[in-house]
Amino acid sequence: SGVRSILRAAAGGSGGALRSGLRLCAVLLAMVTLCAVVHMSAQKDPVNAVSAVGALGICAACLGGMQSMISLASETVTRLSDYSACLLPVMASAMAMSGGTVSAGTLYAGTALFSGLLSRLIARLLLPGVSVYLVVAAAEAALADSLLSELREFVGWLISKSLRVMLFVFTGVISGSADAAAVRATKAAVSGMIPVVGSILSDASETLLASASALKSSMGVFGMLAVLAICLAPFLKIGAQYLLLKGTAAVSGTIGMPQQVKLVKHAATAMGYLLAMTGACALMLLISVVCFLKVVG
């Protein structure tokens, strides 16, 4: 029921992004078509002015349409980071109460560290890098410079590799380890060391651990629903614009000039980077919650 309501709300809120994406794609197709017509009708174009003007126009349109998506991705990353600061201490406390004392500290420290690093990396380096990527791609299309092509590829490589390395290290470090043996040892020690009421306290501790485990499970389920509620609508909005730009690049390839078609493809790639950043933050938090849930107390 919770997932259905989240999907309904996310789909309903994505209509505006879909309409703005369609407008952007229509503008890009119009620019590509106009430049192709002017280029074919022009007898001489020694400085390749049509290509340069078209590249600047496409870049301006993409930056104008992408700025809202950059702001949306930045806001989503910030909200996920703020929410993780509320959710993870509760999950760690519930895990420690249910017997996962070692795992609770490891998971909480690792998740808080990597979540903070990823949010700062995205805010200070990767989001500005998307704008730089698009501007360099526009300059490359206007000037047909191989050095600019290498610079654009390097910026894209830096963005993609940063996300991949961060998630790879995170998934390697964060792994739930069951502390059930420690719980059983503690229960046996309580039962044997305390006379008369030792068995009663032992049974009570088992009940307490079961209650804490139930708390951990319920918090984990609702925590994952909250993560989906935060990130699903922005993910769908950015994803819709990404797919529209990919379709626009495919259509423009049949009518446009090669440099401008490549620029539209690079704009779709830049939107894909925004989608990857939003998904990486959500995935990191979801993996953490799942790891908290998988530990057996």
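Tutor: What follows covers the overall fold, the aromatic pairs and a surface patch.

Tutor: This is a predicted model, in which local features need pLDDT of at least 70 and side-chain atom pairs count only at pLDDT 80 or more, while totals for chains, interfaces and linings use all residues. Residues are numbered from 1 along each chain as its sequence is written, and side-chain values use heavy atoms, with hydrogens and water left out.

Student: How many helices and strands are there in the protein?

Tutor: Helices (H or I, at least four residues) and strands (E, at least two) are DSSP runs, numbered from the N terminus. The protein has eight helices and zero strands. Of its 297 residues, 42% are buried; buried means under 20% relative accessible area, exposed over 50% and partly exposed in between, with a 1.4 Å probe and protein chains only.

Student: How do I read a pair of aromatic rings?

Tutor: The distance of the centres and the angle of the planes describe such a pair. Rings of Phe, Tyr and Trp (its six-membered ring) pair if their centres lie within 6.5 Å; planes under 30 degrees apart are stacked, over 60 edge-to-face, and the rest tilted. A search of the whole structure gives two aromatic pairs. One of them joins Tyr133 and Tyr273, edge-to-face, at 5.5 Å centre to centre with 80 degrees between the planes.

Student: Which parts does the pair of Tyr133 and Tyr273 tie together?

Tutor: Tyr133 lies in helix H4 (residues 101–143) and Tyr273 in helix H8 (residues 258–294), so the pair links parts 140 residues apart in sequence. Both Tyr133 and Tyr273 are buried.

Student: What about the pair of Phe154 and Trp157?

Tutor: Phe154 and Trp157 are stacked, with 6.0 Å centre to centre and 25 degrees between the planes. In an α-helix there are 3.6 residues a turn, so residues three or four places apart point the same way. Here, Phe154 and Trp157 both lie in helix H5 (residues 146–173), three residues apart, about one turn of the helix.

Student: Which residues form the nonpolar patch on the surface?

Tutor: Patches take residues with over 30% relative accessible area and no salt bridge, joining like charges within 9 Å and nonpolar side chains (Val, Leu, Ile, Met, Phe, Trp, Tyr) within 5 Å. A salt bridge is a side-chain nitrogen of Lys or Arg within 4 Å of a carboxyl oxygen of Asp or Glu. Leu151, Phe154 and Trp157 form the patch, with about 320 Å² of accessible area together, by the Shrake-Rupley method with a 1.4 Å probe, where for residues only the protein chains shown count as cover.
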